[in-house]
Amino acid sequence: MRPFIEIEDLEYAYPLEGGDQIVALRGVNLTIERGEFVALIGPNGSGKSTLAKHLNALLLPTAGRVCIDGLQTSDPGNVGTIRQKVGMVFQNPDNQIVATTVEEDVAFGPENMGIPPEEIRRRVDSALVAVGLSAYRQHPPQMLSGGQKQLVAIAGALATRPSCIVFDEPTSMLDPVGRRQVLNTIRWLNTAEGITILLITHSMSEAAIAQRVLVMEAGRLVMDGAPALVFGQGTRLRALGLDLPPIVDIAQRLRTWGLSLPQTVLTVQDMVDALC
Amino acid sequence: MLIQVENLTHIYSQGTPFEHVALREVNLEIAAGERVGILGPTGSGKSTLVQLLAGLFKPTSGRVLLEGESIHGKEATARRLRLQVGLAFQYPEDQIFEQTVFREIAFGLRNLNLRRTEIEARVNWALEMVGLNPAAVAQRMPFALSGGERRRVALASILAMHPRVLILDEPTAGQDSQGRRALLENVGRWQRETGMTLIIVSHALEDLAVLVERVIALKEGRVVADGPARQVLSDAPLLLDIGLDVPEPVALLQALRQAGKNVRVDCFLPAEAAAEIARAWGLQEIVS
């Protein structure tokens with residue numbers, strides 16, 4: 001079977017007034033298999049969001065190609081199907097709310113796809129159960145907390161039954177409680193529902209929960225591997241202006257004090273097991 | 001005392017089904033030049049408290065005094081007092097509206113009856129304070145700048161007003177780690193150079209650990225802790241009770257202590273925590 005996401009020699013340039021352009025992506029090659037949980041990190045302006053917007057044809061390549069489940073995004077006939085396969089959740093929950101009650105908001109996507117009302121009902125119900133918001137179905141979304149609004153946005157994406165959801169910094173405007181709700185839901189979508197996840201984040205601790213970490217710099221993909229492998233290259237990450245997850249940072253410092261710790265130490269529990 | 005908050009209570013939509021008590025009988029004092037962090041989850045009343053400190057609206061009951069005068073009192077006095085408090089909301093760059101960086105920063109200054117040369121001097125000073133080169137950016141369109149640069153312009157427009165109290169609501173939200181570090185260093189420097197009083201609202205405990213000396217924690221509109229930053233930020237039971245995450249280095253040291261190791265727990269930064277573990281394990285640093 002072909003990989004779910006295939007990106008070949010992708011280049012993208014934003015046009016500017018007066019004929020100039022800013023090259024945002026250069027020579028990106030990447031494949032992601034069905035069911036993977038991938039984190040994407042990199043400094044501001046490195047091209048993370050531009051790359052994400054290519055995955056459901058919000059942007060089309062200037063050169064190279066992007067295929068989703070075998071369908072090329074630059075073919076206009078494929079765009080509808082691709083957007084059904086790849087859902088997006090953005091940073092600011094307030095910008096993603098369109099309706100006056102939670103359930104109407106979640107129904108917005110399937111309604112636009114021309115799905116029959118009984119089927120919409122079923123999908124909205126199961127999406128709200130999935131994110132744990134069934135009790136809030138009749139609430140006005142603006143009365144919810146930031147974390148709950150973000151869960152409404154996730155339910156909205158789920159109601160279109162996507163194979164993959166791209167999360168563009170979904171937690172950066174949330175408090176720790178909201179962040180935990182959203183991250184637990186993302187993890188559950190991946191493990192229980194088999195949904196392919198691409199999580200863009202500035203938090204290294206969040207990236208460490210993925211199976212695979214991609215690092216971008218100046219429009220290029222510069223690192224790709226398991227979290228332990230990527231975070232093992234502390235010097236290189238620091239040179240890109242990125243931090244290490246705190247526990248990985250502590251582990252590396254302790255190694256310079258002569259302590260031998262496995263490279264796989266990523267969490268508090270890993271470290272306690274290694275030390276005690 | 002510079003700021004006195006007395007029995008401050010604020011209720012939104014009072015008398016309706018949506019009635020919500022945001023602050024309950026809050027009392028606190030902040031001295032001139034103090035660096036204070038305000039900590040609490042969404043809905044704890046942090047934003048209501050700082051907006052009342054800035055005099056943006058009137059509280060349901062209680063008072064906010066700036067050097068003994070009520071910031072919600074007679075209009076002429078209140079207006080003079082409010083000019084001494086600069087408040088930057090979350091994502092302050094979203095509020096930029098002028099055509100050039102210069103006009104954006106000069107906007108508030110035009111209401112102060114300043115001479116043109118004084119306005120120019122303040123704009124240049126403020127740009128330098130946020131690490132932007134006045135000659136390079138003053139005539140540029142704010143929308144042609146990066147998100148991080150726009151945030152610095154928004155902060156410069158507040159600094160240009162020479163506030164005695166600077167309040168920042170989640171100043172590092174949405175910034176990458178380089179942007180965060182630069183912003184925190186800048187804020188620390190402004191505070192040292194001007195001696196202003198700094199109030200930072202954040203749930204990023206690591207940011208507070210670097211910048212402030214005192215932390216006030218809120219839960220459901222009440223002050224539940226007020227003390228030295230190190231003490232409050234490493235109080236794991238308190239943090240969990242108010243719904244915040246314990247910083248990972250503190251969580252690690254707590255777990256080691258529970259496993260019977262004799263370690264301090266008030267280390268928020270990875271470097272401090274590593275040094276503490278090295279000490280407890282009797283390690284010698286290998287100089288490479």
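Domain bounds, as used here, come from an automatic or database domain assignment. With that in mind, let us walk through this structure, which is a predicted model.

We can start with chain B and its parts. Chain B is divided into domain 1 (1-84 + 163-182 + 191-244), domain 2 (96-162) and domain 3 (247-288). Notice that domain 1 is written as three stretches of the chain, 1-84, 163-182 and 191-244.

How far apart are the centres of domain 1 and domain 3 of chain B? Taken over C-alpha atoms, the distance is 31 Å. These two domains still touch: 9 residues of domain 1 of chain B are in contact with 9 residues of domain 3 of chain B. Between them, about 700 Å² of area is buried, and carbon and sulfur atoms give 68% of that area. The rule also finds 1 salt bridge across this interface. If you look for B:Glu272 and B:Arg230, you will find a salt bridge whose closest N and O atoms are 2.8 Å apart.

Next, step back to see how the two chains meet. The size of an interface is often given as the accessible area lost when the parts come together. For chain A and chain B, that buried area is about 3000 Å², with 64% given by carbon and sulfur atoms. On the chain A side, A:Asp175, A:Ile250 and A:Trp257 supply 21% of the area that chain A buries against chain B, more than any other three residues. In terms of contacts, 34 residues of chain A meet 35 residues of chain B. There are 3 salt bridges between the chains. B:Asp245 and A:Arg180 have side chains that pair in a salt bridge, at 2.1 Å from N to O.

Finally, let us look at empty space. Rolling a probe the size of a water molecule over the atoms shows where such space is left. The second largest pocket holds about 1600 Å³. Which residues lie nearest its centre? They are A:Asn44, A:Gly45, B:Ser146, B:Gly147 and B:Arg150, out of 48 residues in the lining. By class, the lining has 18 nonpolar, 18 polar and 12 charged residues.

Strand 1 (5-15), strand 2 (21-32) and helix 1 (48-54) of chain A each supply at least two residues, as do helix 6 (147-159) and helix 7 (177-194) of chain B. Helix 6 of chain B gives the most, with 6 residues. Returning to the domains of chain B, domain 1 and domain 2 each provide at least three residues of the lining.

Note on methods. Residues numbered from 1 in each chain as written. Chains lettered and ligands numbered in written order. Predicted model: local features only at pLDDT ≥ 70, side-chain atom pairs only at ≥ 80, totals over all residues. Heavy atoms only, no water. 1 Å grid on protein atoms, 1.4 Å probe; cavity = no way out; pocket = protein on both sides within 12 Å on 5 of 7 lines; lining within 4 Å. Points joined across faces, edges and corners; volume = space filled by probe spheres on them. Helix = DSSP H or I, 4+ residues; strand = E, 2+ residues; numbered from the N terminus. Nonpolar A, V, L, I, M, F, W, Y, C, P; charged D, E, K, R; others polar. Contact = heavy atoms within 4.5 Å. Buried area = accessible area lost by both parts, 1.4 Å probe. Salt bridge = Lys/Arg side-chain N within 4 Å of Asp/Glu carboxyl O.
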